[in-house]
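These are my notebook entries on a two-chain model. I record below what I looked up.

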Amino acid sequence: MTASATPCFATEGLTKRFPRVTALDDLTVAAGTGVTGLVGANGAGKSTLIKILLGLLPPTSGRAWVLGLDTATQGLEIRRAVGYMPEHDCLPPDMSATEFVVHMAQMSGLPRTAARERAADTLRHVGLDEERYRPMGGYSTGMRQRVKLAQALVHDPKLVFLDEPTNGLDPQGRDDMLALIRRIGTEFGISVLVTSHLLGELERVCDHVIVIDGGRLLRSSAIREFTRAEQTIAVEVDEGWQLLAERLTAGGETVAVQGRLLMVQVPPDDPGRTHDAVRDAVCDLGLSLLRLEQRRGRIEDVFKEPVA
Amino acid sequence: MTTEPTAVIHDIGYRHYDGVRLGRGRAVLALGVQSLRGVFGLGRTVRAKIMPLLLAAIMLMPTVVSIGVMALAKQYMLPYPNYAVLMQAVIAIFLAAQSPYLVAPDLRFRVLPLYLSRPLTVTDYVLAKLAALAVALFGLLAVPLTIEYVGELLVDLPGPPHTADYLGALGGAVLYAVLLSSVGIALASFTPRRGLGVASVIAFYMFTAAVSGIFAGVLTASGHDDLAGWALLINPFFLVDYAQSALFGTAPVNIETNPPGVASVLILLAVVALAVTGVLLRYRKAAS
């Protein structure tokens with residue numbers, strides 16, 4: 001793969017100031033092929049970053065590249081090669097999904113016949129059947145999100161920007177959309193940059209996660225590193241947690257105390273040892289065990305820990 | 001004979017597109033053509049077709065009458081260059097009804113960001129919309145004029161055919177199309193609501209027509225005939241009529257007043273430039 005050679009997008013000291021707010025603050029980040037998640041609370045600068053990457057908004061300072069193209073000078077070439085699904089509603093209610101997606105394909109430079117074929121294909125892939133001939137004014141939120149996704153994919157881009165694609169969907173629709181995003185990244189071979197303010201859902205579909213807050217980079221790493229390095233088990237006992245903590249620490253375990261909970265780090269090389277040590281310690285001290293659970297390191301933890 | 005399966009369902013999965021990708025010009029053309037079709041209600045609901053087709057039909061009526069008069073009375077009754085001024089109310093209603101359709105829904109339903117996420121610029125978008133409306137307005141005028149001219153040739157009036165008048169009127173139709181489309185789009189693009197757009201365009205026409213009529217009337221009554229022609233320029237239809245007269249040598253409708261001549265052409269150009277600049281600025285702002 002050429003993932004490291006030509007990153008899907010890269011920024012260097014990217015800053016965007018609006019009269020009242022600083023949306024991006026000296027952001028330097030890069031992402032390779034596959035599915036990349038862009039996580040941040042509302043107003044963290046996700047949509048601004050996408051607009052800059054599309055070449056639609058000039059940054060205050062710094063530079064950005066998409067597929068090796070400079071956003072400042074090659075906006076048209078970038079927009080020819082990428083797809084964009086905005087966060088907001090963008091569908092004219094009196095058009096049918098088919099007409100609309102065909103039209104958008106033509107706007108990307110596809111000839112009319114090819115546009116028709118691609119629109120039919122793409123709408124099938126996103127899971128829109130007979131409804132696609134009806135005016136979009138009567139569509140449910142789930143169907144509207146599918147049409148928005150279809151118009152972003154219809155011209156077979158190399159990279160798609162999906163801005164909050166799960167917004168407003170019920171749990172089932174959310175799962176379907178996430179599965180679809182995973183398929184786009186793997187089966188379709190189209191790289192994806194997907195934003196969300198819900199951290200948990202991105203864990204399931206992304207290869208790489210970028211966390212920004214207040215326009216600053218908090219963390220950028222492969223999803224495996226997020227989850228693997230931070231495996232812990234939570235132990236709660238009725239009384240005597242101090243004794244247990246001392247005993248485990250003496251035995252060479254890394255223990256952190258969170259209220260009445262003991263968070264015991266599990267070393268990735270020998271996970272069984274820690275579990276055994278906890279079991280033995282609880283038995284030997286005669287404590288009553290209330291809780292013993294596996295804590296997968298979650299992306300949320302990034303926000304809890306102070307940035308190193 | 002063995003029964004082997006004759007049909008197999010293949011899941012062909014996702015297929016990449018490796019066909020032609022046309023340039024930006026073709027995308028702009030596609031947008032313009034789609035907009036032009038939409039102006040006449042083509043590819044839209046039946047309800048959307050009624051108004052433009054009805055108005056287009058009304059535009060043909062004087063043609064029919066004129067051909068009839070030419071055939072029966074052998075008289076050149078309705079000069080081509082006066083056609084637009086005669087039908088100005090119909091043209092104004094057409095402009096008011098259709099220019100908001102071109103721009104308001106894209107603003108209201110926020111389709112504009114999608115256009116701009118494709119290899120199109122704000123200027124491309126605005127030019128495609130202006131061109132679509134201008135072509136529609138030109139057609140609205142040129143079709144009846146051409147039918148009338150063909151009728152004149154077939155009827156074979158005494159004397160030479162009024163070819164210069166016809167060509168001058170076609171030139172005038174271009175001027176009407178450019179001026180009215182830029183003013184119509186400029187007014188309609190300031191509101192995302194179609195109803196308000198219709199109201200503002202029709203109000204603009206009624207206001208300018210009334211003001212120019214009142215001023216011209218007062219000036220003529222008080223003996224300032226030389227100034228009355230300038231007052232008439234406030235009405236966009238008389239403005240184009242004078243410009244048409246200055247450029248193509250046709251007789252203006254208001255012969256009794258002093259025609260302002262070249263000045264009318266300059267004013268026309270200034271109004272078009274102002275309107276187009278306004279639209280571009282408005283869209284630059286909407287895009288960011």
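Which residues is B:Asp106 in contact with, leaving aside its neighbours within four places in sequence? I found B:Val111, B:Leu112, B:Tyr115, B:Tyr125 and B:Lys129, where contact means heavy atoms within 4.5 Å. B:Asp106 lies in helix α4 (residues 88-108) of chain B; helices (H or I, at least four residues) and strands (E, at least two) are DSSP runs numbered from the N terminus. I noted B:Asp106 as buried because its relative accessible area is 10%; buried means under 20%, exposed over 50%, and partly exposed in between (1.4 Å probe, protein chains only).

Basis of the entries. The model is predicted, so local features need pLDDT of at least 70 and side-chain atom pairs count only at pLDDT 80 or more, whereas totals for chains, interfaces and linings use all residues. Residues are numbered from 1 along each chain as its sequence is written, chains are lettered from A and ligands numbered from 1 in the order in which they are written, and side-chain values use heavy atoms, with hydrogens and water left out.

Interface. I read that 39 residues of chain A are in contact with 30 residues of chain B. The area buried between the two chains is about 3,200 Å², with 57% from carbon and sulfur atoms; this is the accessible area (1.4 Å probe) that two parts lose on being put together, summed over both. I looked up the salt bridges between chain A and chain B and the count is one; the term requires a side-chain nitrogen of Lys or Arg within 4 Å of a carboxyl oxygen of Asp or Glu. A:Asp121 and B:Arg15 form this bridge, their closest N and O atoms being 3.0 Å apart.

A:Asp121. I found that A:Asp121 also forms a salt bridge with A:Arg124, at 3.7 Å between the closest N and O atoms. Both residues lie in helix α4 of chain A, three residues apart, about one turn of the helix. A:Asp121 is buried, with a relative accessible area of 14%, while A:Arg124 is partly exposed at 40%.

A:Arg291 and A:Glu236. I recorded a salt bridge between these side chains (3.2 Å, N to O). The pair links strand β14 (residues 289-295) to strand β11 (residues 232-237) of chain A, 55 residues apart. A:Arg291 is partly exposed at 32%; A:Glu236 is buried at 15%. Elsewhere, salt bridges that share partners join A:Asp121, A:Arg124 and B:Arg15 into one network.
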